[in-house]
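Here is a structure to read with a few definitions at hand.

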Amino acid sequence: MDSIWQRTAPHLDLPTLNGGKRTDILIIGGGIAGVLCAWFLDRAGADYMLVEAKTVGSGVTGKSTAKVTAQHGLLYQKLLSSWGLERTKLYWEANRRAVGRYRALCGQLGCGFQEETAYVFSRSSRDKLLREKEAMDVLGAPLSLRRKTPLPFPVAGAAAMEGQGRLHPLEFLRALAKGLRVFEHTKVQGLSPGTALTDHGVIRANKIVIATHFPILNKHGLYPLKLYQSRSYVLALKDAPLFDGMYVEDRDNGLSFRRAGELLLVGGGGHRTGHRGGGWEQLRSQVKGWWPEAREVACWATQDCMTPDGGAYVGQYSPRTPELYVATGFNKWGWTTAMAGAEILCDLLQGKASVYAPAFDPSRPMPLPAALSNAAEAVWDLLRPTAPRCPHMGCALRYNPQERSWDCPCHGSRFDENGALIDNPSTDDLKHRPPEP
């Protein structure tokens, strides 16, 4: 199901690779992280190219709600506790800078950047909001607490951060991609050191960046243990209240609200990919109770890579792969982390130091409970004797009746009812059509 952005985005006519190429830097993946990386490299005069299996923004970026904010839920109290002050402050500063980058870039590109206050609300406890305020005070970051919101239900409070924003994700992304060395409909089918085999030729590169949402290379970095994927659902409503501000709940599967022109976007119903969740029906039931006259004009779902500690992974793919890089694990906050990550990668790819790189280091220690949980999930679904199986690592797929897809509970690959690939990390369709559910 198309998002409102996919229905209204300007079309780009970008070329497809035609035969072998050689470049210094190859970027794989045409979402916001990959295209921003290409943009920074282009401005730096680097020798680069980007390949995208479908079209620019056709994946998660085109289904984002595009809230551009350095306020990532109630993240910073958690990071201060586990990372300490120095690294947490770097992470905050990188995301804060990213908001300003979007504001400036939207002005250059002629894309609308609507400044908004971002809110995290809680329906159950003000204590968590107070702790986040204390953490932000330590970081020197502006955060205030509010007792009331325009939301259609009572709240215990909300943490507000002014000067954040929202935009049209595909309008921005495709304006950014114009003039860059980007090849669409060019699928990477295999990787080896310095070489990418695509369906339209071989690319030889000195350095490779994997910006494919979930990393497609399993051999290094332990990403199947360090990441899992989560689905969430969005309704676009007409004739619903158009209140100011962007709102997210303090729970992992909580609600979100933001305005998009004359529409209100309501998100929620989330769950780990391959598991059961509320989905659109849960949202529709709630919306009907709040605003009986509201009319649904679109619905879609999106998918996010989640890390154990809440921070993104950007930098060298693993200690053993010095010329391979990654940007992933954005934890539903991909707009600012992608911008920060693209700047970090631009520096690293040119052999420069990045002051923010240590806060995003993919090789940082992983919390043991989360690793064990991901491992247990994978083992269970590897041993479960049912079909069909995911080509990625052989886990048993589960049928998703709401979206009529076969989803992998291990790492989040998804396939349609005919077995065609929808979401990675798998790079292949199912070999056989799945059975009737």
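Q: Which residues are linked in a network of salt bridges?
A: In this predicted model, the network links R231, E403, D407, R414 and D423.

Q: Why is the contact of R231 with D423 called a salt bridge?
A: The closest N and O atoms of R231 and D423 are 3.7 Å apart. The rule asks for a side-chain nitrogen of Lys or Arg within 4 Å of a carboxyl oxygen of Asp or Glu, so the pair counts.

Q: What makes this pair a tie between parts apart in sequence?
A: R231 lies in strand 11 (residues 228-238) and D423 in strand 21, so the tie joins parts that are 192 residues apart in sequence.

Q: How do you know whether R231 and D423 are buried or exposed?
A: Buried means under 20% relative accessible area. R231 has 3% and D423 has 18%, so both are buried.

Q: What do the side chains of D407 and R414 form?
A: They meet in a salt bridge at 3.2 Å, N to O. Both residues are buried.

Q: Why is R96 called partly exposed?
A: Its relative accessibility is 40%.

Q: How far apart in helix 4 are R96 and E93?
A: They are three residues apart in helix 4 (residues 85-109), which means a separation of about one helical turn.

Q: What makes strand 18 and strand 21 edge strands?
A: The open sheet has the order 18-19-20-21, with antiparallel pairing. Strand 18 (398-400) and strand 21 (421-423) each pair on one side only.

Definitions and conventions:
Residues numbered from 1 in each chain as written. Predicted model: local features only at pLDDT ≥ 70, side-chain atom pairs only at ≥ 80, totals over all residues. Heavy atoms only, no water. Pairing = 2+ DSSP bridges. Helix = DSSP H or I, 4+ residues; strand = E, 2+ residues; numbered from the N terminus. Buried < 20%, exposed > 50% of the residue type's maximum accessible area, 1.4 Å probe, protein only.
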